[in-house]
Amino acid sequence: MGNGGEIGIIGLAVMGQNLALNFARHGFRVCVYNRTAERTEAFLRDRVREEPITPAYTLEEFVRCLEHPRRILLMVQAGSAVDQVIEALLPLLEPGDLVMDGGNSHYTDTERRMQRLAAHGIQFLGVGISGGEKGALLGPSIMPGGSPEAYGMVEGMLTRIAARSEEGPCCAYMGRGGAGHYVKMVHNAIEYAFMQGIAEAYDFMKTALGMSIEAIAETFERWNEGTLNAFLTELAARVLRYRDPESGDPLVERILDRAEQKGTGRWAAQSALELGVPTPTLTAAVFARTISHFKADRERIGATFPWPDRHTGPFSGEILSDLEAALNVVVLAAFSQGLWLLSEASRAYNYGTDRAEVLRVWRAGCIIRARWLGFLREVVREDPEDPHLLFSARFRAELQRRLPAAGRILQWAFEAGIPMPALSTAVDYVLAMRRSRLPANLIQAQRDAFGAHTYERIDRPGVFHTEWMD
Ligand code: 6PG
């Protein structure tokens, strides 16, 4: 091994900086490059101390700084910036080099880039990285996809800098092609649903039960001790407890109720629609963010559409444990839908994704890390080929015993005028998936009646058409 950099990082926004420090603190020699030299200088001045990090101020210098075969991690904004960097790098690279994209890129872009680089003998990995800024520095959850050979070139390094759970490092090969970014996209869709479920529980406590923000934070803290133990549950409590330094009020109450999104949740919904996999809870969480955007419209409609907006009860003493059960239903439904989507995508795109490994990688470091993951992994391992968690008796039992409580919460929510799209879709999803006969027969009959679209029968094989209007 020479003295050159063992890994190069392009893009020194906070994620790139933190990953560079993380690699370097694990003893890897790192070369860094950023499009603007000022940011590189500021990084070296403000954050780099003893770490073996070498700056480069041109791409040529950067490429020269790295030992062969080169390993380069792109940490630039997903989209056209990734293509621009790849095109600029391409003439400077040699066959056998490896480029990784650590951003939230669309899996189809990843496949396209993989083919483009393969034509030049250069390897490419799409690497999902979760855990935010802190995770990048202290140990993220890492989801690499591409060729097994390419993964072999960086497995040792990535597993060293990853978060660790009791089941080992939170980095594993996610499969061929765009599998890494696909898995990260599904992670984010589950993240959206989990966050939406938490937001609905907060709304319910505030609006229906009239609880103070402190009491709501305390409730999330208590839930974090039980089955809902999760990074996002804990974070909700911490965020609710934070007070605006100016007013002294909980800051969350002063934040505009319009949720942004960068696209991964929407892509997951689009992919689910394309593949024909039902992900109503994941998709509802995307639409909930979209609806939140129409603030002015909501105000206008609400002004002339009276509804209680508060419930006076009487609530049973069990109302909070009902709500806790309801949030568990959302979380379980979200994972069940996400894992079904993953299994279908793996089949359709030939990823070869091992979902038990996905769940292991999600156990620490990532945003959706949660106590449920250990259980979910056991369920998947019972029958790894089975796309449905709902086929598992243990999984069904967990849902079944919480479903009545979830239903009670939905009734109260309706009376108080509280939308709970994540919860209602989760309950509907379970109810529909357990129903051997749905009313789709009537839909088929109508399709045939107005468009001669034909139908099948339950009492004999074949395809039928009827002249319904005669
Ligand atoms: C993570 C996060 C991270 C980021 C997403 C959220 O796993 O670390 O998912 O990737 O927070 O960009 O996406 P939205 O901006 O769409 O909420």
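**Ligand shell**

How many residues surround the ligand, and which are the closest? I started there and found 14 residues around the ligand, with Ser130, Lys184, Glu191, Tyr192 and Lys262 as the closest. To be near, a residue needs a heavy atom within 4 Å of the molecule.

A note to keep beside everything below: this is a predicted model, in which local features need pLDDT of at least 70 and side-chain atom pairs count only at pLDDT 80 or more, while totals for chains, interfaces and linings use all residues. Residues are numbered from 1 along each chain as its sequence is written, and side-chain values use heavy atoms, with hydrogens and water left out.

Next I looked up polar contacts (pairs of N or O atoms within 3.5 Å; within protein, one must be able to donate a hydrogen and the other to accept it, and residues adjacent in sequence count only if both atoms are side-chain atoms). The side chain of serine 130 places an N or O atom 2.4 Å from an oxygen atom of the ligand. For asparagine 188, a polar side-chain atom is 2.9 Å from a ligand oxygen atom. Glycine 132 uses its backbone instead, with an N or O atom 3.2 Å from an oxygen atom of the ligand. I then checked the cover: of the 420 Å² of accessible area that the ligand has on its own, the protein covers 81%. Those areas come from the Shrake-Rupley method with a 1.4 Å probe, and for residues only the protein chains shown count as cover.

I sorted the shell by class and got two nonpolar, eight polar and four charged residues. Here Ala, Val, Leu, Ile, Met, Phe, Trp, Tyr, Cys and Pro count as nonpolar, Asp, Glu, Lys and Arg as charged, and the others, Gly among them, as polar. Helix 8 (residues 179-208) gives the most to this shell, five residues. Helices (H or I, at least four residues) and strands (E, at least two) are DSSP runs numbered from the N terminus.

**Domains**

I noted domain 1 (7-177), domain 2 (184-434) and domain 3 (441-470), with bounds from an automatic or database domain assignment. Why does the ligand lie between domain 1 and domain 2? Both domains give residues to its shell, so the ligand lies between them. The centres of domain 1 and domain 3, taken over C-alpha atoms, are separated by 55 Å.

**Cavities**

I found two cavities of 30 Å³ or more. A cavity is a set of points, on a 1 Å grid over the protein atoms alone, where a 1.4 Å probe fits but cannot get out, and lining residues have an atom within 4 Å of a point. Grid points are joined across faces, edges and corners, and a volume is the space filled by probe spheres set on the points.

The largest cavity has a volume of about 50 Å³, and its lining includes Gly197, Glu200, Leu323 and Met420. Helix 14 (319-349) supplies the largest share of that lining, four residues. By class I get seven nonpolar, one polar and one charged.

The second largest cavity has a volume of about 40 Å³. Among its lining residues are Leu19, Phe23, Val127 and Ile161. Helix 1 (14-25), strand 6 (123-130) and helix 7 (148-161) each give at least two residues to this lining, which has nine nonpolar, no polar and no charged residues.

**Backbone**

Last, I looked at the loops. The bond from histidine 68 to proline 69 is cis, with omega near -15°, and proline 69 sits in the loop between helix 3 (59-65) and strand 4 (71-74). A cis bond also joins glycine 313 to proline 314, with omega near 5°. Proline 314 is in the loop between helix 13 (295-303) and helix 14. Aspartate 309 is in the loop between helix 13 and helix 14, and its phi is near 60°, a positive value in a residue other than glycine.

Definitions and conventions
On a 1 Å grid over the protein atoms alone, a cavity is a set of points where a 1.4 Å probe fits but cannot get out, and a pocket is an open set with protein on both sides within 12 Å along at least five of seven lines; lining residues have an atom within 4 Å of a point.
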